[in-house]
Amino acid sequence: MQDFQNENYEQDTPERSEGIRIQKYFTDCGVLSRRAAEAEIAAGRVKVNGERATIGQKIDPDKDTVTYKGTVVRPPKRAEHITVMLHKPAGFVTTTSDDQGRPCVTDLLQDLNTRVYPVGRLDINSTGLLLLTNDGELANLLTHPRHHVPKVYHVTVGGEITTQELRKLSSPMVIDGYRIRPVKVNCLRAYEHMSELEMTLCEGRNRQIRKMCASLDLHILSLKRVSMGPITLGHLPEGKFRYLSPSEVESLRSAAMKAAQQPTSRPATTKKPTARPRADVKKEK
């Protein structure tokens, strides 16, 4: 997968004088994610000054020539960096290619003449705001665990949600052996057959909302991301995209840097709980 994820980020400390790691150079150039770059390097498709590159090798971008499949890799000029917001429909995977032949979000960007990569993910059944960019620095900034900006989701679940269930969703929970940070949950509308929730996450665990709801036997009917930091989906039609303005991109950078300065303690990782029967939760009247 050639998309930017948390694992693509390398420590945000200044690079030492001997250069930068070649896999980070690929993300800075907006060509490959770190993980994809490592796979291509291991396969022998990357060369430095005509010699086969090695994973972790350091280069000087001003002196060394890096080629990928015979093409020179250069960082785009600042003016060439673009970031777009896509209203992702259900049924599309958040990656640039899929070995199962499923539709990819980049298939919706045929009118875009620049290659961009997803920033984070929305699973195949989720919809809403998805950012794509060729700015590796911005992508790494937004996906680094320290820089998570709040993301707001509208979630529709089956049945009328109870006060007790809302309280549990808002409380610290353990997902896949990891104690997640509390999630802000509001009930927007509640009916006998379904409830509409607004959930605000300050970290992005894999399929976190779906796993949280599953732990309470809540069946998700729809899940839509409506905002990411200062950027909101607004009235952008499903399946369409628009360019972010320079001021919007800078507001994202500022929000990410501000998030990194917040004094938050890292939740403890716990052992994965053993499977045990889940007690039935009686609905409150």
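**Salt bridges and buried residues in the predicted model**

Arginine 45 is partly exposed, at a relative accessible area of 39% (buried denotes under 20% relative accessible area, exposed over 50%, and partly exposed the range in between, with a 1.4 Å probe and protein chains only). The structure is a predicted model, in which local features need pLDDT of at least 70 and side-chain atom pairs count only at pLDDT 80 or more, whereas totals for chains, interfaces and linings use all residues. Residues are numbered from 1 along each chain as its sequence is written, and side-chain values use heavy atoms, with hydrogens and water left out.

The side chain of arginine 45 meets that of glutamate 40 in a salt bridge, with an N to O distance of 3.1 Å (a salt bridge being a side-chain nitrogen of Lys or Arg within 4 Å of a carboxyl oxygen of Asp or Glu). Glutamate 40 has a relative accessible area of 13% and is buried. Ten salt bridges were found in a search of the whole structure. Another of these joins the side chains of arginine 189 and glutamate 196, at 2.7 Å from N to O. Glutamate 196 counts as buried at 18% relative accessibility, while arginine 189 counts as partly exposed at 39%.

A salt bridge is also formed by arginine 207 and aspartate 123, whose closest N and O atoms are 3.4 Å apart. Arginine 207 lies in the loop between E14 and H5, and aspartate 123 in the loop between strand E8 (117-118) and strand E9 (127-133), so the pair ties together parts that are 84 residues apart in sequence (helices, H or I of at least four residues, and strands, E of at least two, are DSSP runs numbered from the N terminus). Arginine 207 is partly exposed, with 39% relative accessibility.

Asp123 and Arg207 are linked with Arg210 in a network of salt bridges. Arginine 210 lies in helix H5 and counts as buried, at 17% relative accessibility. Residues up to four places away in sequence aside, arginine 210 touches Asp123, Asn125, Ser126, Ile220 and Leu223 (contact meaning heavy atoms within 4.5 Å).

Helix H5 (208-215) is also one of the elements against which the buried residues of H4 pack, together with strand E13 (184-190) and strand E14 (194-201). In helix H4 (residues 163-170), the buried residues are Glu165, Leu166 and Leu169. These residues lie on the same side of H4 because they cover an arc of only 100° around the axis, the arc being that of the directions from the helix axis to the C-beta atoms.
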